[in-house]
Amino acid sequence: MNVIEKLEVLADAAKYDVACTSSGVQRSGKKGQLGAAHQAGCCHSFTPDGRCVTLLKVLMTNACVYDCAYCVNRASNATVPRTAFTPRELADLTIGFYRRNYIEGLFLSSGVAGCPDRTTELMVQALRILREEYGFRGYIHTKTIPGTSLELIDELGRLSDRLSVNLELPSKQSLGLLAPNKSRHSILTPMRHIFESVAEDKESRVLAQRRTTVYREKRMARKTRAFAPAGQSTQMIIGATPESDYQILNLSAALYTQLSLKRVFFSAYLPVVADPLLPATDAVQLNREHRLYQADWLLRYYGFNVSEIIDEENPFLAPDVDPKANWALNHLDFFPVEVNTAPLEALLRVPGIGVRGARLILRARRQSTLGEAELRRLGIAYKRARYFITMNGAYGGSGIDFSRDALHARLSAPIEGGRHGRRADRAVQGQMSLFEAADAPPVLPEASPANRAALDVAFEAQRRALAPAAPTRAMADGAGGERRTALDAEAPHTRDESPLHENAPHDDDAREPLLSVA
Amino acid sequence: MHRANATAPASPALVGAYPAGADTSPFAAGSPHHLPLAAVPSAAPDDIYDEVAYAYDGTLEGLLSAIFAAYERHENPTDVVPESRLQPRLGQRVAAIPTNMSHAARVLRGVKRACGWRAAHAVKQASCSDEPDAGTAAYRFVRYAMDEQKRRNCERCRKRSSCPGRSGAGPCPKMRGRALSDITHPAVERLFRISRSISQECEHLRQFVRFQHLQGESVGDDTGTEVWFARVNPKASVVPLVMDHFVERLGVQPFIIYDEVHELAGVYDGGDWHLVATAGQGDLARALPDPTADEALFSEAWRTFYRSVSVDARYHPELRRQFMPKRFWKNLTELQESPAALRTARS
């Protein structure tokens with residue numbers, strides 16, 4: 001296999017990793033060295049699915065001893081050819097691409113070849129060539145493999161800008177079911193370790209920079225690289241298991257507050273391999289993913305608390321209005337907001353005013369009074385915002401009843417899904433179509449409490465697998481049991497038995513989140 | 001060409017937002033019929049309605065010189081446009097403004113001092129724009145910002161005693177950043193928009209420049225230095241604004257970014273970068289040396305990568321077009337057919 005063929009296989013295998021950002025670190029260039037990094041990152045291309053290509057996203061190898069049900073590289077999938085880059089090949093490819101301005105850096109992940117430590121050593125080797133031999137100053141994002149020893153993670157952290165550990169699935173039970181080789185322990189331990197190392201590294205750097213005396217301090221003998229200066233991120237699959245948006249958002253809020261994650265990515269489940277435990281439907285929960293990302297933005301940039309976005313009674317985000325509009329509709333007593341005096345936090349709560357718009361308003365209103373024309377000129381979505389603001393006392397949405405139902409009708413908008421893909425509007429909802437059966441794939445009802453029963457059907461296999469007490473699981477579920485025993489023989493040391501199987505619950509609905517809000 | 005304008009310069013508050021002469025017209029304020037003849041300013045009517053357009057050479061220095069000239073001649077030009085884009089209005093006088101480096105430096109320094117470096121940068125960006133009214137927008141903004149400085153009210157300012165603006169030694173530091181942030185003012189809004197669109201175009205260039213590795217031209221025994229060449233087609237002449245970015249990250253390789261629309265090449269020779277105007281020299285790309293041996297390999301690898309990272313189930317071409325406008329596609333390596341595939345298709 002030549003390098004191009006390898007690249008084809010290994011890029012194809014890595015494409016389901018959604019995290020692809022090059023942001024979070026500012027590093028200027030250095031004379032005689034290749035590369036620099038920018039705080040905001042840079043997208044160098046966009047694939048036909050509209051996703052950005054910023055890093056060379058590849059796997060070190062797609063050979064894997066793990067057997068995660070949802071993964072294209074699972075050990076039992078015989079249909080994909082297996083291959084691996086040598087560290088040198090990978091480094092040369094990265095440099096060649098970077099010099100042509102194709103990419104911003106490298107995103108390196110890997111299947112588990114043999115054991116996690118050995119795989120990580122290969123990755124470290126490739127990164128060493130890049131950083132030390134070639135003096136590469138571009139962006140490197142590395143995915144750590146659950147089960148890697150902490151010493152190797154330290155080494156990875158010093159070579160990369162961002163580390164990430166995939167959470168994969170939102171609850172302990174789902175993880176045990178679909179990714180039998182990974183466990184809460186093997187995922188959260190490296191995450192905590194990265195969190196602590198980043199914090200410690202930042203602190204020591206601040207201390208080293210602070211001048212405590214008027215005398216010039218001795219410089220550090222050798223400058224070490226910062227430990228993952230762009231922090232860590234994670235991702236989880238949405239829709240392969242029956243967890244609600246409530247559980248998912250609470251988990252991500254806990255990750256942001258407790259482990260200082262930079263991003264939590266969501267990946268709508270795509271059936272790539274057939275497995276009896278996975279929902280057989282071909283529908284992609286792209287709209288649900290979209291709403292979850294909107295909620296995620298509210299958590300990170302708009303100062304929302306997770307309890308304001310979603311509660312236990314309505315565990316799914318509303319499909320027809322975005323979470324921010326939904327909050328506004330439920331808190332009409334907060335509105336209208338006076339744009340000429342309201343603080344930033346209040347402006348950020350107004351549907352139609354985003355972070356950029358709110359900042360522009362603050363800037364512009366220092367010198368002039370803002371009315372409708374001015375707001376339109378600033379480029380905020382006046383059409384949506386008008387119902388929730390006053391401009392120097394004048395209410396913008398007069399003529400419309402200031403009630404939940406009337407405003408809901410104004411604010412609800414379908415998600416723009418394009419005209420060609422799966423989300424394309426082929427027919428108006430509720431309208432009968434001649435070609436429905438042939439054209440549209442069976443749609444998994446998403447985010448609608450009324451359709452929980454249908455969800456239950458889709459996840460019936462998982463429910464059955466979880467129902468009996470854990471030790472008897474292998475007997476209850478023939479196929480799954482065989483698969484696991486085969487794997488045990490292959491790589492016994494990679495299994496992490498500890499927390500999963502002693503206390504598997506009898507009730508599926510009580511899926512325990514990997515991390516909960518303290 | 002220059003005619004001294006006998007009317008007093010327009011009142012500062014209105015300059016920029018209105019055409020010259022409109023507010024100084026004796027007929028504008030009250031009913032003209034009741035005015036005694038003596039009350040009409042002595043200027044001849046053709047001076048009152050005198051409209052002038054300044055034509056500059058299209059460079060930043062030219063634009064700044066034009067702004068300087070407006071102050072020097074006590075005129076308020078309706079249009080400040082590059083010569084190449086000039087379309088005189090009916091009855092409009094055209095004044096060609098020669099570029100003067102020292103004038104340009106003075107204006108830029110003044111703008112920086114009075115309105116801050118952001119405003120100076122916005123003026124620079126406007127000079128790169130292809131919009132026909134970019135020069136006018138920059139001129140109006142400078143007029144407005146400078147007048148704001150004059151109009152400031154220091155009465156309740158707590159720093160009055162130590163302010164350089166009060167003693168006349170310099171501009172008021174509190175006003176400095178403010179000119180550009182009054183975004184809803186018509187004199188600022190246009191420049192703000194132009195500046196934003198130029199920033200976007202710069203970002204597009206940072207994203208979509210694709211270098212090719214070319215062999216050096218061999219002269220005798222000397223094989224020459226290899227060069228990395230990129231062709232771009234931006235909407236505005238932004239190559240000068242992105243050269244620093246590329247020099248910073250690709251400082252180890254000499255490269256050329258050739259803007260085929262504006263016939264301008266940014267050339268980095270390994271030490272410093274220059275701009276070379278290539279107008280009248282034909283298509284630069286024809287004179288290029290051959291690509292190096294590994295160029296085909298890497299571009300093929302990139303195409304392969306691009307093909308394989310796409311997830312078919314998420315197909316959404318509108319989204320791609322939104323982020324990556326089609327006008328860039330002709331120079332993007334990943335969206336071109338590979339030469340090998342073309343050859344097989346032909347045979």
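Author: The model is predicted, and local features need pLDDT of at least 70, side-chain atom pairs count only at pLDDT 80 or more, while totals for chains, interfaces and linings use all residues. Residues are numbered from 1 along each chain as its sequence is written, and chains are lettered from A in the order in which they are written.

Reader: Why is A:Gly393 called exposed?

Author: A residue is exposed if 12 or fewer other C-beta atoms, placed from the backbone, lie within 10 Å of its own, buried if 20 or more do, and partly exposed in between; A:Gly393 has 7 within that distance and is therefore exposed. Its place is in the loop between strand S10 (389-391) and strand S11 (394-395) of chain A, strands being DSSP runs of E of at least two residues and helices runs of H or I of at least four, numbered from the N terminus.

Reader: What makes helix H1 of chain A and helix H9 of chain B roughly parallel?

Author: Helix H1 (residues 3-14) of chain A packs against helix H9 (residues 293-309) of chain B at an angle of about 20 degrees, with the axes 8 Å apart. Angles under 35 degrees count as roughly parallel, over 145 as roughly antiparallel, 65 to 115 as roughly perpendicular and the rest as oblique, so H1(A) is roughly parallel to H9(B).

Reader: Which residues of H1(A) make the contact?

Author: With contact meaning C-beta atoms, placed from the backbone, within 7 Å, H1(A) contributes A:Val3, A:Ile4, A:Leu7, A:Glu8, A:Ala11 and A:Asp12.

How values were computed
Axes fitted to C-alpha atoms, helices over the stretch in contact; angles between N-to-C directions. Contact = placed C-beta atoms within 7 Å.
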